[in-house]
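Here is a protein structure for you to explore. Take a moment to look it over before reading on.

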Amino acid sequence: EGNANVVVTLTNIAEIHKQRSEFDKASDYYTKVLTLQRKFMADSHLEIANTLSSIGFVRHQMGDYSGALEFNQECLRIRRELSGDVDDDVAVTLTHIALVLLKMNMYEIALEVLMESYRIRKTLQTDDTRDIAFTLYNIAMIYHHRGSYEHALVFYRETARVEQSALGSAHRDLGITFYNIGQIHYQRGEMELALQNFERALEIERECLGEDHPTCARTLNEIGNIELQRGNVVKVMECFTGALRIYRKAGMEDSHLVIYGRKLFRFEIVQPNAASAA
């Protein structure tokens with residue numbers, strides 16, 4: 001009982017350090033917890049798996065990716081031994097491993113691990129959650145990164161569906177997903193679809209972050225570039241000057257405004273000094 005109480009106390013201290021982003025201290029306390037647990041618990045105890053997961057998380061935050069991978073893999077071994085391959089905690093651990101692999105630029109292996117996590121979730125028919133959306137988003141991101149736009153769109157759209165179900169229609173995560181969908185359509189030359197998704201992203205960003213947030217400026221910038229290609233000069237000026245005003249208000253350089261095809265169109269944006277004081 002005494003050891004159990006010490007474990008609880010040390011775990012609580014570790015959690016406080018983790019919440020404060022004091023990851024090195026959190027790692028030290030979690031390691032002390034793990035040492036005690038291994039003295040009086042079976043090697044494949046659930047609590048040991050949970051502690052291994054926590055150490056994996058803080059090592060990830062510390063940039064110790066090889067260490068994070070090692071602890072998460074050991075956590076996975078225990079969770080599979082206790083619960084089998086088709087288990088929600090196993091799926092979560094696989095996602096954690098994939099995130100570490102992404103940091104290590106091991107995209108193909110990360111994709112395989114994320115797909116395994118998603119297959120488990122589909123087998124379990126788990127309700128839509130932010131965790132599932134996060135897994136889907138990272139799958140889409142890998143496909144996007146390697147230029148597999150069709151696959152990326154499939155998974156971004158499924159991400160958006162899950163996010164709307166789990167988080168509502170005005171959540172920041174959903175805005176990010178719509179923005180990325182807009183990027184893919186833009187890269188494919190599908191300007192109408194790109195515009196629709198950027199406008200949906202902007203609406204959510206304004207609601208969640210406020211109209212003067214730099215993220216809104218970035219999306220306005222993208223919309224302005226689409227309108228530039230369409231020759232809609234009034235809309236172009238509205239978007240570009242609006243984006244510039246936000247960047248200046250946030251103390252950011254004018255160079256954050258990116259105008260595609262400026263030379264081709266011989267377009268020069270008007271940048272009134274009054275914009276910075278708005």
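This is a predicted model: local features need pLDDT of at least 70, side-chain atom pairs count only at pLDDT 80 or more; totals for chains, interfaces and linings use all residues.

Residues are numbered from 1 along each chain as its sequence is written, and side-chain values use heavy atoms, with hydrogens and water left out.

## Salt bridges

Let us begin with the charged side chains. The structure holds 20 salt bridges, each being a side-chain nitrogen of Lys or Arg within 4 Å of a carboxyl oxygen of Asp or Glu. The table lists some of them.

| Salt bridge | N to O distance |
|---|---|
| Glu-15 and Lys-18 | 3.5 Å |
| Glu-190 and Arg-188 | 3.0 Å |
| Arg-245 and Asp-212 | 2.8 Å |

Arg-245 belongs to helix α12 (residues 233-249), while Asp-212 sits in the loop between α10 (191-209) and α11 (214-230), so this pair ties together parts that are 33 residues apart in sequence. Helices here (H or I, at least four residues) are DSSP runs, numbered from the N terminus. Arg-245 is partly exposed, at 23% relative accessible area, and Asp-212 is partly exposed too, at 33%. For these labels, buried means under 20% relative accessible area, exposed means over 50%, and partly exposed lies in between (1.4 Å probe, protein chains only). Elsewhere, salt bridges with shared partners join Glu-74, Arg-77 and Glu-81 into one network.

Where do Glu-15 and Lys-18 lie? They are in helix α1 (residues 2-19), 3 residues apart, which separates them by about one helical turn. Glu-15 is partly exposed, with a relative accessible area of 23%, and Lys-18 is partly exposed at 21%. In the remaining pair of the table, Glu-190 is partly exposed at 24% and Arg-188 is partly exposed at 30%.

## Pockets

Now turn to the open spaces. A pocket is found on a 1 Å grid over the protein atoms alone, as an open set of points where a 1.4 Å probe fits, with protein on both sides within 12 Å along at least five of seven lines; its lining residues have an atom within 4 Å of a point. Volume is the space filled by probe spheres set on the points, which are joined across faces, edges and corners.

The largest pocket holds about 330 Å³ of space. It is lined by 16 residues, of which Phe-57, His-60, His-96, Leu-99 and Phe-134 are the closest to its centre. Helices α3 (46-62), α5 (88-103) and α7 (130-145) are the elements that give two or more residues to this lining, and α5 supplies the largest share, 7 residues. By class, the lining of the largest pocket has 6 nonpolar, 8 polar and 2 charged residues. In this scheme Ala, Val, Leu, Ile, Met, Phe, Trp, Tyr, Cys and Pro are nonpolar, Asp, Glu, Lys and Arg are charged, and the others, Gly among them, are polar.

The second largest pocket has about 180 Å³ of space. Among the residues lining it are Arg-130, Asp-131, Phe-134 and Tyr-137. Both α7 and α9 (172-187) supply at least two residues of this lining, with the largest share, 5 residues, coming from α7. Its lining divides into 4 nonpolar, 1 polar and 4 charged residues.

## Aromatic pairs

How many aromatic pairs does the whole structure hold? The search finds 6. Rings of Phe, Tyr and Trp (its six-membered ring) pair if their centres lie within 6.5 Å; planes under 30 degrees apart count as stacked, over 60 as edge-to-face and the rest as tilted. The ring centres of Phe-23 and Phe-57 are 6.3 Å apart with planes at 75 degrees, so the pair is edge-to-face. It links Phe-23 in helix α2 (residues 23-40) with Phe-57 in helix α3, 34 residues apart. Phe-23 is buried at 15% relative accessibility, whereas Phe-57 is partly exposed at 38%.

The rings of Tyr-143 and Phe-155 have centres 5.8 Å apart and planes at 20 degrees, so this pair is stacked. Tyr-143 is in helix α7 and Phe-155 in helix α8 (residues 149-167). Tyr-143 is buried at 9%, and Phe-155 is buried at 11%. Ring pairs also link Tyr-118, Tyr-143 and Phe-155 into a cluster.

## Helix α11

Our last stop is α11, which is mostly covered, with 13 of its 17 residues buried. Gly-231 follows α11 and has a positive phi, near 80 degrees.
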